[in-house]
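Have the viewer open as you read.

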Amino acid sequence: PGQPRKNKEYFGRGPDAERAAWQRNDELGLGAARGKPAAPIFFDLTRQYLDARRNAITKSTYESLILKLTRVILPALGELQVHEITPAVLDRYVAERHAGGVKLRTVRDDLAYIRAVLNFALQRGLIVHNPLVGYAPPRNDAERIRPPSDAEFAAILDKAAPHVRRALLLFAFTGIRPGPREAFGLTWDQVDFHGRTITVVSAEKGGLPVREIPLAAVLLEHLREWQAEDAEHGRRWIINYHGARVESIKTGWQAAKRRAGITRRLRLYDLRHAAATKMLARGADLKTVARILGHKSPVTTMTVYQHVSDEQTRAAIDKL
């Protein structure tokens with residue numbers, strides 16, 4: 001009324017704008033096309049993808065997938081319709097993530113998750129085109145982190161809080177994964193002091209579900225001291241904070257590193273790498289090391305975990 005020549009109103013872009021447009025259509029008595037399906041938004045496709053993948057991958061992988069999608073990718077792209085995920089939008093996503101201090105290797109992983117969701121939607125007939133086809137990901141800037149030297153490890157250990165110290169010694173002398181299932185799930189009934197072994201329930205990584213790791217003499221001595229201390233207070237968990245189970249020591253690890261004066265990048269997982277490298281460097285059998293680490297295939301151990309030290313390289317040259 002009052003605008004007889006007007007036949008269009010603009011409500012913006014995205015699902016909220018589309019809903020507002022259909023509501024206005026109804027107000028004007030033009031609701032005949034109300035049943036027209038809305039263009040799919042990335043959030044809805046992601047939800048269907050997660051539902052489909054729930055029982056197809058391990059629990060830990062599924063949980064990591066949810067965290068990556070819901071905390072990182074969906075806040076940036078979730079409300080976009082598929083046709084709005086253009087190369088320019090992806091370029092902006094890459095630039096903003098990298099400007100925030102995120103490694104390009106991680107951004108490449110983000111794009112792989114996005115591509116997986118869109119490929120799934122294409123296979124299910126939910127979309128007719130994957131906008132990531134032909135999109136070139138950023139270059140890989142992955143760095144190979146050198147495991148801690150004996151001196152670095154000793155310096156960090158000296159500055160670590162008691163519960164962090166326990167964890168670091170366990171990582172260094174068993175090669176277990178520093179996560180909630182393997183390391184922080186260890187209880188005293190998993191230690192066989194007579195047989196000098198510790199039974200580890202492996203993280204769900206597709207490797208050995210349970211493995212028995214022999215205890216080095218130095219670690220066995222520490223374990224006996226800790227067990228006596230914990231038995232006095234009725235503590236169940238090997239790595240505990242005043243008796244309570246510990247879920248993570250990342251903060252304690254960073255604090256110990258800082259107090260030790262070590263500024264280079266060094267992750268808790270690098271202690272596992274160091275354990276594997278030292279065993280292999282000192283003549284341990286590859287298949288045995290793979291079993292200790294919980295790998296199903298020794299190929300994983302060799303290609304991912306072996307870091308050749310300067311001493312090994314010099315020894316190889318000296319053979320000439």
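Which residues have the most contacts inside the largest nonpolar core?

1. They are Leu168, Leu170, Phe171, Leu223, Ile238 and Ile249, in a core of 36 residues. A nonpolar core here is a set of buried Ala, Val, Leu, Ile, Met, Phe, Trp, Tyr and Cys residues joined through side-chain atoms within 4.5 Å. Buried means under 20% relative accessible area (1.4 Å probe, protein chains only).

2. Before going on, a word on the source: this is a predicted model, where local features need pLDDT of at least 70, side-chain atom pairs count only at pLDDT 80 or more, and totals for chains, interfaces and linings use all residues. Residues are numbered from 1 along each chain as its sequence is written, and side-chain values use heavy atoms, with hydrogens and water left out.

3. Two or more residues of that core come from each of α6 (150-159), α7 (162-174), β2 (197-201), α8 (217-233) and α9 (250-260). The top contributor is α7, with six residues. Helices (H or I, at least four residues) and strands (E, at least two) are DSSP runs, numbered from the N terminus.

4. Take a look at Ile249. Neighbours within four places in sequence aside, Ile249 is in contact (heavy atoms within 4.5 Å) with His163, Val164, Ala167, Leu168, Phe171, Phe184 and Leu268.

5. There is also a second, separate core, with 28 residues, including Tyr49, Leu104, Leu111 and Ala121.

6. Now the helix pairs. The axes of α6 and α7 lie 9 Å apart at an angle of about 155°; axes are lines fitted to C-alpha atoms, for helices over the stretch in contact, and angles run from 0 to 180 degrees between N-to-C directions. The two helices, α6 and α7, are therefore roughly antiparallel (over 145 degrees). On the α6 side the contact uses Phe153, Ile156 and Leu157, and on the α7 side Arg165, Leu168, Leu169 and Ala172.

7. Ala155, Ile156 and Lys159 of α6 meet Trp253, Ala256, Lys257, Arg259 and Ala260 of α9.

8. Last, α10 (residues 269-281). Among the buried residues of α10 are Asp270, Arg272, His273 and Leu280. After α10 comes Gly283, with a positive phi near 95°.

Technical notes. Buried means under 20% relative accessible area, exposed over 50%, partly exposed in between (1.4 Å probe, protein chains only). Angles under 35 degrees count as roughly parallel, over 145 as roughly antiparallel, 65 to 115 as roughly perpendicular and the rest as oblique.
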